Amino acid sequence: MATCARLDGSEPRTDALRDISRGVIRLSEMFTRGSSGIGTSYLEDLQLRRAYLAYYVPVNLAKVQILLAELQPLIAERKGQEFRVLDIGGGPGTGALALLDWACSTSAPPSGTLRMTAMDRSGAALRACTELWESYLAEVPECRNLSLQTVECNLERTFPIPVQVGTQVSGYHLIVVQNVLSELYSESLNAVEKRVALVAKLLSVLEEDGSLMLIEPALRATSRGLHELRNQLLGHYECSVYSPCLHDENCPALVHQDDWCHEERHWERPAWVAQLDEAVGFIKDTLKFSYVVFRKDGKTLVSRNEPFHRVVSELRVMKGEKRVWLCDSAGRSEVGRQDKDHSESNAAFEQFHRGAIVKIGDIVRKERNGRLATLGRILRNGTAEIIRPAQN
Ligand SMILES: C[S@@+](CC[C@H](N)C(=O)[O-])C[C@H]1O[C@@H](n2cnc3c(N)ncnc32)[C@H](O)[C@@H]1O
């Protein structure tokens with residue numbers, strides 16, 4: 001379970017709560033309804049910055065930590081070696097702080113090996129990042145010497161590859177790009193191509209054993225934008241998907257314009273996020289987002305040589321039947337199991353959930369007028385198994 005325990009701090013006072021609530025509403029309108037502000041240095045605005053720090057940082061930090069858990073075996077391989085992290089469009093350093101908190105809580109990577117760089121267009125957000133970083137370190141004596149480099153730049157105009165403090169190398173072992181891509185080039189007619197070109201530059205500064213983590217809001221437009229970028233990157237550059245996809249084919253969610261692929265993960269909602277939820281009428285009781293982690297070394301979260309599927313919907317409970325949508329290299333398909341066919345071998349089907357990687361023994365499709373039905377069924381003698389739950 002993700003934790004931002006050390007970043008908890010105290011709950012906002014009532015007057016502050018009112019101001020922060022207004023800021024959260026303004027930010028939410030910008031992020032979800034595309035009201036004016038996106039594409040500007042909105043975090044220079046004190047009310048918005050405070051609201052972002054109080055509400056969005058803990059939520060987004062927890063998302064990064066969930067994905068760090070997926071990368072844990074690979075991060076552990078770098079034990080004792082320098083671990084360079086670049087937080088692109090990090091704002092107040094959500095990605096950098098997620099890593100710091102993760103390293104201090106799990107020792108993977110050991111906090112002493114971290115070299116962190118946060119890059120953003122907002123100087124005020126980067127100053128907030130430095131303040132948060134320093135106040136966190138003040139509580140963790142063994143990490144006191146950890147350095148954070150901040151780089152103020154407009155990524156639409158320039159991509160300065162920073163030279164890391166204390167090292168000559170500029171390759172990164174982890175690059176985090178969270179909730180930024182859809183803000184970039186938003187006025188441009190060829191926004192996707194420009195975003196792909198930027199992400200390609202990021203790939204070029206990624207170490208061969210590094211991970212490039214792209215996270216976007218779980219909205220239809222932003223998620224589909226990410227799927228499109230994923231396709232183009234895989235089509236034109238040397239990289240492959242570590243997670244969540246089980247294949248590097250074109251994203252099947254783009255076939256039908258109403259589809260998109262997103263996660264919904266559990267978390268321990270900090271008390272003040274719940275308090276703000278109540279004040280503004282939102283519910284962040286689960287973490288929703290879309291993501292892709294790219295690698296250059298071909299490593300994948302689970303083996304590609306197995307007939308696995310990924311669950312890309314909730315388990316839908318219908319009259320006399322349960323169904324899910326699955327994704328694999330053949331595309332998206334719907335699979336059901338009628339309640340009358342429940343058996344010991346297929347009982348795990350009832351535990352299928354969004355984001356789980358599963359294996360199914362036998363999917364049967366009825367034939368009608370010479371055509372196979374799109375809905376597949378697991379029969380009584382079929383098997384269902386969860387290979388990897390969405391969260392361990
Ligand atoms: C929604 S915030 C995301 C912050 C952080 N990554 C997170 O997920 O919490 C988007 C960030 O992207 C930055 N940003 C937007 N356009 C940018 C640009 N052209 N150049 C650099 N940063 C930009 C904003 O300043 C802001 O900090």
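Ala, Val, Leu, Ile, Met, Phe, Trp, Tyr, Cys and Pro count here as nonpolar, Asp, Glu, Lys and Arg as charged, and the others, Gly among them, as polar. The legends below describe a predicted model.

Figure 1. The shell around the ligand comprises seven nonpolar, eleven polar and four charged residues. Of its 22 residues, those that come nearest are Gly 89, Gly 91, Thr 94, Arg 121 and Gln 178. Helix H2 (46-76) and helix H3 each supply at least two residues of this shell. The most is given by H2, with three residues.

**Figure 2. Packing of helix H1 against helix H2.** Two packed helices are described by the angle between their axes and the distance between the axes. For H1 (residues 14-33) and H2, the angle is about 90 degrees and the axes are 8 Å apart. The two helices H1 and H2 are therefore roughly perpendicular to each other. On the H1 side, the contact is made by Asp 19, Ile 20, Arg 22, Gly 23, Val 24, Arg 26 and Leu 27. These residues meet Gln 47, Leu 48, Arg 50, Ala 51, Tyr 52, Ala 54, Tyr 55 and Tyr 56 in H2. By class, the residues of the contact of H1 with H2 are nine nonpolar, two polar and four charged.

**Figure 3. Packing of helix H3 against helix H4.** The axes of H3 (residues 94-106) and H4 (residues 123-138) come within 10 Å and cross at roughly 10 degrees. Because angles under 35 degrees count as roughly parallel, H3 is described as roughly parallel to H4. Ala 96, Leu 97 and Leu 100 represent H3 in the contact, and their partners in H4 are Cys 129, Leu 132, Trp 133 and Tyr 136. The residues of this contact of H3 with H4 comprise seven nonpolar, no polar and no charged.

**Figure 4. Contact between domain 1 and domain 2.** The domain assignment of the protein places residues 14-295 in domain 1 and residues 308-388 in domain 2. A distance of 34 Å separates the C-alpha centres of domain 1 and domain 2. Across the contact, nine residues of domain 1 touch ten residues of domain 2. The side of domain 1 that touches domain 2 has five nonpolar, one polar and three charged residues.

**Figure 5. Backbone geometry at Asn 179 and Pro 244.** Most residues other than glycine have a negative phi, and most peptide bonds are trans. At Asn 179, phi is near 55 degrees, a positive value in a residue other than glycine. Asn 179 is located in the loop between strand E5 (172-178) and helix H5 (191-204). Ser 243 and Pro 244 are joined by a cis peptide bond, with omega about 5 degrees. Pro 244 belongs to the loop between strand E7 (240-243) and strand E8 (263-266).

**Figure 6. Prediction confidence and residues 1-9.** The protein has a mean pLDDT of 91, and 94% of its residues reach 70 or more. Over residues 1-9, pLDDT stays under 50. For residues 1-9, the model has 22 contacts beyond four places in sequence. Where pLDDT is low, the predicted coordinates should not be read in detail.

Technical notes
Residues numbered from 1 in each chain as written. Predicted model: local features only at pLDDT ≥ 70, side-chain atom pairs only at ≥ 80, totals over all residues. Axes fitted to C-alpha atoms, helices over the stretch in contact; angles between N-to-C directions. Helix = DSSP H or I, 4+ residues; strand = E, 2+ residues; numbered from the N terminus. Parallel < 35°, antiparallel > 145°, perpendicular 65-115°, else oblique. Contact = placed C-beta atoms within 7 Å. Near = placed C-beta within 6 Å. Domains from an automatic or database assignment. pLDDT = per-residue confidence, 0-100.
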